[in-house]
Amino acid sequence: VVYVGKWPFIPEGNGPFKWWEYWRRPNPSYNEFRFLQANMTNAAHVAIMTGKDVTLKRGSNSIGDINLRGVSYYYNEVINFDIAQGRYFTQDEVDGARNVAVIGHKILNALFPNNENPIGQEIKFRSIKYKVIGVTKEEGAGLFGQEGNDDRVLVPYQTFRKVFQTGSGRWDELESQIGIKGLDRDLGLVNAENELRGMLRTRRGLRPDQKDNFAINRPEAVMKAIGGIFDVFSIAGWIIGGFSILVGGFGIANIMFVSVKERTSI
């Protein structure tokens with residue numbers, strides 16, 4: 001999977017992080033998503049997604065810092081997760097911007113604490129009610145404590161847009177990302193990325209001498225950066241371990257020398 005956004009996952013090139021340049025980029029728009037979905041030949045699935053941390057309520061129960069995420073129909077094909085109860089959205093629910101939701105396991109425990117069946121029940125954000133149609137399978141905390149599907153509530157993308165400004169491409173609105181899942185035969189997603197870059201540059205009217213005003217991100221780039229950090233830790237561990245063995249060896253040799261000298265008559 002590759003993602004299109006205005007911010008890179010890791011800094012591009014050398015030098016300082018060019019936050020001002022990235023901040024002024026246009027956000028990926030809903031029309032760009034539809035354009036890519038209709039025209040890309042090297043993509044198995046294309047999805048658009050966005051999110052906002054909110055507080056959800058049900059009766060006297062509430063839970064904060066929950067990511068309300070607006071997603072398109074094929075989000076479940078681009079982002080892997082399992083449904084433990086109920087179901088995912090239908091195409092009609094997504095196209096019709098219905099107030100339906102798929103909740104994470106953490107939300108289930110907080111808003112339905114007495115082993116209640118959440119399917120068909122309503123949860124509320126501000127004064128807006130969403131009907132629960134599914135619950136994602138519990139995943140647990142990530143390696144670095146990052147949020148996962150346990151902390152998310154999924155709603156159709158156009159339903160989300162009824163509350164928050166996003167998807168029009170403006171640089172100052174809530175950011176959306178477009179996810180592209182490549183074909184199995186496209187090893188390394190080389191063809192998908194090249195086609196994606198060319199189509200977006202054409203769509204945005206960029207001249208050949210102009211830089212991309214978007215970022216194409218790969219999750220493996222982040223994992224590679226994290227792997228580099230662990231490699232440094234590993235090398236440091238070997239060095240420290242080597243010094244420890246050396247110092248220990250001298251210590252043992254000194255003890256043996258003293259012990260033998262004490263038993264040797266002069």
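Start by selecting R87: at 36% relative accessibility this residue counts as partly exposed, a class that runs between buried (under 20% relative accessible area) and exposed (over 50%), using a 1.4 Å probe and protein chains only. You are looking at a predicted model, in which local features need pLDDT of at least 70 and side-chain atom pairs count only at pLDDT 80 or more, while totals for chains, interfaces and linings use all residues. Residues are numbered from 1 along each chain as its sequence is written, and side-chain values use heavy atoms, with hydrogens and water left out.

R87 forms a salt bridge with E93, with 2.7 Å between the closest N and O atoms; the term means a side-chain nitrogen of Lys or Arg within 4 Å of a carboxyl oxygen of Asp or Glu. E93 counts as buried, at 8% relative accessibility. A search of the whole structure finds 12 salt bridges, so let's visit some others.

Next, select D151 and K106, whose side chains meet in a salt bridge (3.2 Å, N to O). D151 sits in the loop between strand 7 (128–136) and strand 8 (152–156), and K106 in helix 5 (residues 105–111), so the pair ties together parts that are 45 residues apart in sequence. Helices (H or I, at least four residues) and strands (E, at least two) are DSSP runs, numbered from the N terminus. D151 is buried at 16%, whereas K106 is partly exposed at 44%.

Move on to D212 and R197, a salt bridge with its closest N and O atoms 2.8 Å apart. Keep E193, R201 and R218 in the selection too: salt bridges that share partners join E193, R197, R201, D212 and R218 into one network.

Which residues of helix 2 are buried? Select residues 30–39 and pick out Y30, E32, F33 and L36. They cover an arc of only 160 degrees around the axis (from the directions from the helix axis to the C-beta atoms), which puts them on the same side of helix 2. Turn to the other side to find N31 and A38 exposed. The buried residues pack against strand 2 (43–58), helix 6 (157–161), strand 9 and helix 7 (190–203), where contact means heavy atoms within 4.5 Å.

Finish in strand 9 (residues 176–182) with S176, which is buried at a relative accessible area of 0%. What does the side chain of S176 make polar contacts with? Show the side chains of Y157 (2.7 Å) and T166 (2.7 Å). A polar contact is a pair of N or O atoms within 3.5 Å; within protein, one must be able to donate a hydrogen and the other to accept it, and residues adjacent in sequence count only if both atoms are side-chain atoms.
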